[in-house]
Amino acid sequence: MKTICYPEREEWGRLIRRNTLDTEALRETARTVLEQVRTEGDKAVLELEEKFDKVQLSALRVTEEEFEEAEQRISPALKEAIRTAYQNIRTFHAAQQFEGKKIVTTPGVCCWQKAVAIQKVGLYIPGGTAPLFSTVLMLATPARIAGCREVILCSPPNREGKIHPAILFAARTAGVDAVFKAGGVQAIGAMAYGTESVPKVYKIFGPGNQYVTAAKQQVSLRDVAIDMPAGPSEVCVLADETARPAFVAADLLSQAEHGVDSQAILITTSATLLQQTAEEVQRQLERLPRRELAERSLENSKLILVKDMETALEMTNEYAPEHLIIETADYLDIAGRVVNAGSVFLGHYSPESAGDYASGTNHTLPTNGYAKAYSGVSLDSFIRKITFQEITREGIRSLGPTIQEMAANECLDAHKNAVTVRLADL
């Protein structure tokens, strides 16, 4: 990890810049694969699975027998952990349900909103270096609470043609309707366009590699909605002298092991903590099974020393991290001044991994600085709000002249006339 001490304000942009990829080649590859899936359906997905995932499949849909086999293959302890996480995620998201109120804006004019579930949603769950069964819970659980009529899931199979058993168990636990063996761009295309086996959906959720991200962005232009722009995962730890170096190092490494393009940043006011954390990172790194991957991620990561907490907070808000961990003495006060972050973890005993798995909050979050404008996935992500209004004879008599005047001044005479004919009827 690079160490930077007391950087000037004009250096901040360079210091907190994320890795950038040459996406032109990615977009062309994604475009070619998407077009093949759009025109050839199942045939294309099966051929692309053989090409990219090195597996020959006879069918895409996971069978009931495969679900039963998956349940037998995972331990009772993991089953219990998945069920506990599911209940916590369900509890947190159920509390987000929308309650619309009828509002009388002027006598005779009543307006209100109704929340309506997106009818068909598709979930993409990576299955590469880490099978993200936790993401199944994070996406399928609020989809079911929202009332989505059809929830499907795509995940890449292994070379034996099997999807990781924990992904299938989590899918069954959270109420997914159907699971399909498809990964990468071809999975996104199948859900965006529909094939003989895979239903077309209205919105696609879920993380993925750079090709999946490019594919989601392309299909979102005209074919289907997506959850949010995505990029490599990231964490920022904001800490003072009260933080525990072992805790901070563990938090940084838990992010670094996600992937080689992940980023972990420490912003601190304590030179002692910075030095001790750097040493602790090396000690803990030696024991990690994914050490080589984490080491490459740490090449993109930084330890930054600043003069005071005000500067630290300002830099943090400028970075707008996906995950923000505040390990300071006055963490509640600091938290109240955070304006740009995906999810915030407070105090010395709130690791990011709690939110990743089982505390109840959602781990599908904006990356790459998008936390300045986007929220993470929530129950709202799976619903639409439809507005209604009812205007009585009293209401059109009262509000009509206002509408007529505004329409006339926008030179929209038909708009004005829609009111005029009603007023004449009175």
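Author: Let us begin with a helix: in α7, the residues Pro165, Ala166, Ile167, Leu168, Phe169, Ala170, Ala171 and Ala174 are buried, where buried means under 20% relative accessible area, exposed over 50%, and partly exposed in between, with a 1.4 Å probe and protein chains only. Helices (H or I, at least four residues) and strands (E, at least two) are DSSP runs, numbered from the N terminus. This is a predicted model, in which local features need pLDDT of at least 70 and side-chain atom pairs count only at pLDDT 80 or more, whereas totals for chains, interfaces and linings use all residues. Residues are numbered from 1 along each chain as its sequence is written, and side-chain values use heavy atoms, with hydrogens and water left out.

Reader: How many of the residues of α7 are buried, and what covers them?

Author: Helix α7 is mostly covered, with 8 of its 10 residues buried, and the cover includes α4, α5, α6, β5 and β6 (178–181), judged by contact, that is, heavy atoms within 4.5 Å. The residue that follows α7 is Gly175, whose phi is positive, near 90 degrees.

Reader: Where do the buried residues of α4 lie around its axis?

Author: In α4, Glu66, Phe67 and Ala70 are buried. Seen down the axis of α4, these residues fall within an arc of 105 degrees (taken from the directions from the helix axis to the C-beta atoms), so they line one face of the helix. That buried set packs against α7 and β6, while Glu65 and Gln72, on the other side of α4, are exposed.

Reader: Which residues touch the most other members of the largest nonpolar core?

Author: A nonpolar core is a set of buried Ala, Val, Leu, Ile, Met, Phe, Trp, Tyr and Cys residues joined through side-chain atoms within 4.5 Å. The largest one has 39 residues, of which Leu153, Val176 and Val179 touch the most other members. At least two residues of this core come from each of α4 (64–73), α5 (76–94), β4 (120–124), α6 (133–146), β5 (150–155) and α7 (165–174), and α6 gives the most, with 8 residues. Leaving out residues up to four places away in sequence, Leu153 touches Leu123, Ile125, Val136, Ile167, Ala171, Val176, Ala178, Val179 and Phe180. Apart from this core lies another, of 31 residues, among them Leu26, Leu34, Val198 and Ala215.

Reader: How should I read the two faces of a strand, and which residues of β10 lie on each?

Author: In a regular strand the side chains alternate between the two faces of the sheet. In β10 both faces are covered, with Gln263, Ile265 and Ile267 buried on one side and Ala264, Leu266 and Thr268 buried on the other; for β10 (residues 263–268) that is 6 of its 6 residues.

Reader: Which strands pair with β10, and in what sense?

Author: Two strands pair if DSSP finds at least two bridges between them. Strand β9 (residues 234–239) runs parallel to β10 and is joined to it by 6 bridges, with Thr268 as the bridge partner of Ala239. Strand β11 (residues 302–305) also pairs with β10 in the parallel sense, over 4 bridges, and there Leu305 is the bridge partner of Thr268.

Reader: What handedness does the unit of β9, α10 and β10 have?

Author: A crossover is right-handed if, with the strands pointing away from the viewer, the path from the first strand over the helix to the second runs clockwise. The β-α-β unit made by β9, helix α10 (residues 245–256) and β10 is right-handed.
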